[in-house]
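Please keep the viewer open as you read.

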Amino acid sequence: MLKQVLIGALCGSVVLTIGILIGHFGITKSGNSAPSWVKDVVKDVDEDLIQQFLSEVDNVKIQENLRELTKVPHMATTAGDEHTVQLMLKRWQDPDSGLDQAWREEYMVYLSFPDPNKPNKVSVVNPSGSVLHTAREKEKPYTSDQEDPEVVQPYAAYSPAGEPKGKLVYANQGKPSDYHHLNQTMDLRGTIAITRYGGAGRGAKAINAAPYGIIGVLVYTDPLDINDGLMSDVNETYPHSWYLPPSGVERGSFGSQFGDKLTPYLAAKAPNILIPGLPPIPIQPIGFKDAFSFLLQLYRLTVNHSFNITVMVHASGPSDRYVIYGNHRDSWVHGAIDPSSGTSVMLEITRVLGGMVKRGKWRPRRSIIFGSWGAEEFGLIGSTEYAEEYLTKLSERTAAYINVDIAVFANATLRASGMPSVQNVIFKASKQVSAPGLDSTSVYENWIRYFNRTSPTHGLIPSVGYLTGAGSDYAAFVHYLGIASMDISYTYDRSKTNARIYPAYHTAYDTFHYASKFIDPGFVGHQAVARTAGNVLIRLADSLVLPLNCSDYAESLEEYLNTAVSLYQEQLQAKNISMEPLKRAVSSFGKAAEHLDQVIHSSDLVRKINDQLMLVDRAFLNPLAFPDKYGYRHVIWAASSAGKPTFPGLADAFAKAESSGLSGDWDKVHYHLSVLSQAIDAAASILADVI
């Protein structure tokens, strides 16, 4: 049922975005002299200040942050969430290390919770109706953390209510191809599918199943995908190692759209309409020990007040430009790694920078906003509502967005994803940070050993991934606002494990004990991320010229183009569809980027250059390019179902046309080529000299 919940700011039903602004208003000006920012206008980033920042980042303080953040479960809008809200506000308003402004933004959002009076049940029965097995309603406790009464039972957020009963069928990962293959050999109507995580999104497993008449879906974490095949909690899994124990269940949001479900493209200030993309049939996650069971479940849906906390550091001069650093605050249970590793890092960065501000030692050239986003686990809600409410201001003023969600998956190496233009500033920052546990080795040097590629321009460099989906709070900034963004973390050695993610992900075992014993003993990985992300932040906020490299962007577009030509050109020519306009557009962008590089090194038109660098991604936005993909407007980095490392709209349109053979679908391929050509030409024109 839907329920209206009216809650005050001190109540537990809260999703909070926290922001911090640091600015020149806190600097004392002497006598009648010129404002202090005047002499700072031509100064570039202070390398000595960066070294001071790096030296002050304290792994012990990060550890204590995490200990405090994980004392109680803090699912969005619960009392535990309000506890973290108050903790963040207290830190960010601290007289010695706080920042200029800290406030909370409130949104009325549509969330999904299990009904504690009608717990979800999964049972296997024989033909006569006798129960053969009933799955655990909660995970097996190994420490007092798992026995906390506020640990929510495993459930699929946004699953509809229902009591399906039917024959169990195994459907692999619940992809469209899996159900299609099954349907070739059996009648799926009235069945319940059991699927494993991976391959398709959580909610997609049910969305893909419904057209075949399947009436319910179970999803479990396969030990081969997460545990390298280990299954016994006697001596193999947690609490003896980082591996998921048999009763562990990955919770999650099973909607396929990001943002509030009642207010598409609007800030959630009042309920409106329900958007599509929710599971059409009941779905329930279970542990691998219970993976042969089927589903009986009931749910409660409520409209809750959700909050973001926002803090700001004002610029040293009259700057109207922002750099935003964000991390979500809510978790499914204690959330030591997801998201509190990121929150503990953000608190340490703000402690160090806040201390510099309070002592009058520093103010950034551009204002900094720190966001503690609420209700991310329910579909990136807090950050998306913030982006929707402040769309115009953020679009016009935001230079870059840094996302540090899970700061530390493990402590082997750095991992980063982002727009190609941010690659260079991450490289520069990581070269100045020592790799934990390795003498005379930088984070950059260690990183290149684990993830690398050969660049036509730079040679062998670390691999930086692309933000092509909606896996964390960068989604609205990338896909909706077109802001240069990045996601930074430390991760594990993939040559030593096949785990698709850290094994306790979204379970009751993601606790301080788990993080400190198995993920990052000594919190040196956390410290390395804080130093690297903080270094990037200072450079983005304080450099005279924004450290965004459009030539690196041009290189990525060229790679996408080469892939598209090799995959599609021959068949497109047969359909009399030319790729030449796209080739010319990519070439034009490359020349414009090269010219801008030359201008940067020879011109004093700093504001003009910074606007060009800041706005280039905005040119790639097209609100009509993806009518069937809610929230996606960026024609280079939108999500794609084709699985090809090239332009997403073109790849999806080509795959559909190739499958159907319909002339109308080939017209859509032509359309996406035109969309791309126009967008890339527009981006090139932004980089050209201003007329």
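Helices here are DSSP runs of H or I with at least four residues, numbered from the N terminus. Please bear in mind that this is a predicted model.

1. Threonine 563 lies in helix α16, which covers residues 550–574. Is threonine 563 buried or exposed? Its relative accessible area is 18%, and the cut-off for buried is under 20%, so threonine 563 counts as buried. Leaving aside residues up to four places away in sequence, threonine 563 touches Pro645 and Thr646.

2. Next, a region with an annotation. An unreviewed UniProt entry lists residues 577–687 as "domain: Transferrin receptor-like dimerisation". In the model, the span of residues 577–687 is 64% helix and 0% strand, and its end C-alpha atoms lie 28 Å apart.

3. Now a pair of helices. The axes of α8 (residues 340–358) and α15 (residues 524–542) come within 9 Å and cross at roughly 55°. That angle makes α8 oblique to α15. The crossing of α8 past α15 is right-handed. On the α8 side, the contact is made by Ser341, Ser344, Val345, Ile349 and Leu353; α15 contributes His526, Val529, Ala530, Ala533, Gly534, Leu537 and Ile538. Which kinds of residue make up the contact of α8 with α15? Eight are nonpolar, four are polar and none is charged.

4. Two peptide bonds deserve a look. Most peptide bonds are trans. The bond from tyrosine 238 to proline 239, however, is cis, with omega near 15°. Proline 239 sits in the loop between α7 (223–226) and β9 (252–253). The bond from aspartate 338 to proline 339 is also cis, with omega near 10°, and proline 339 belongs to the loop between β13 (322–328) and α8.

5. Finally, two backbone angles. Most residues other than glycine have a negative phi. Tyrosine 158 is not a glycine, yet has a positive phi of about 80°. You will find tyrosine 158 in the loop between β5 (156–157) and β6 (168–170), where it is buried with a relative accessible area of 4%. Phenylalanine 523, not a glycine either, has a positive phi of about 55°. Phenylalanine 523 is placed in the loop between α14 (512–519) and α15. With a relative accessibility of 1%, phenylalanine 523 counts as buried.

Key: Residues are numbered from 1 along each chain as its sequence is written. This is a predicted model: local features need pLDDT of at least 70, side-chain atom pairs count only at pLDDT 80 or more; totals for chains, interfaces and linings use all residues. Side-chain values use heavy atoms; hydrogens and water are left out. Axes are lines fitted to C-alpha atoms, for helices over the stretch in contact, and angles run from 0 to 180 degrees between N-to-C directions. Helices (H or I, at least four residues) and strands (E, at least two) are DSSP runs, numbered from the N terminus. Angles under 35 degrees count as roughly parallel, over 145 as roughly antiparallel, 65 to 115 as roughly perpendicular and the rest as oblique. A crossing is left-handed if the near helix is turned anticlockwise from the far one by less than a right angle, and right-handed if clockwise. Contact means heavy atoms within 4.5 Å. Ala, Val, Leu, Ile, Met, Phe, Trp, Tyr, Cys and Pro count as nonpolar, Asp, Glu, Lys and Arg as charged, and the others, Gly among them, as polar. Buried means under 20% relative accessible area, exposed over 50%, partly exposed in between (1.4 Å probe, protein chains only). UniProt positions are given in the numbering used here, feature names are shortened, and annotations may be inferred rather than shown by experiment.
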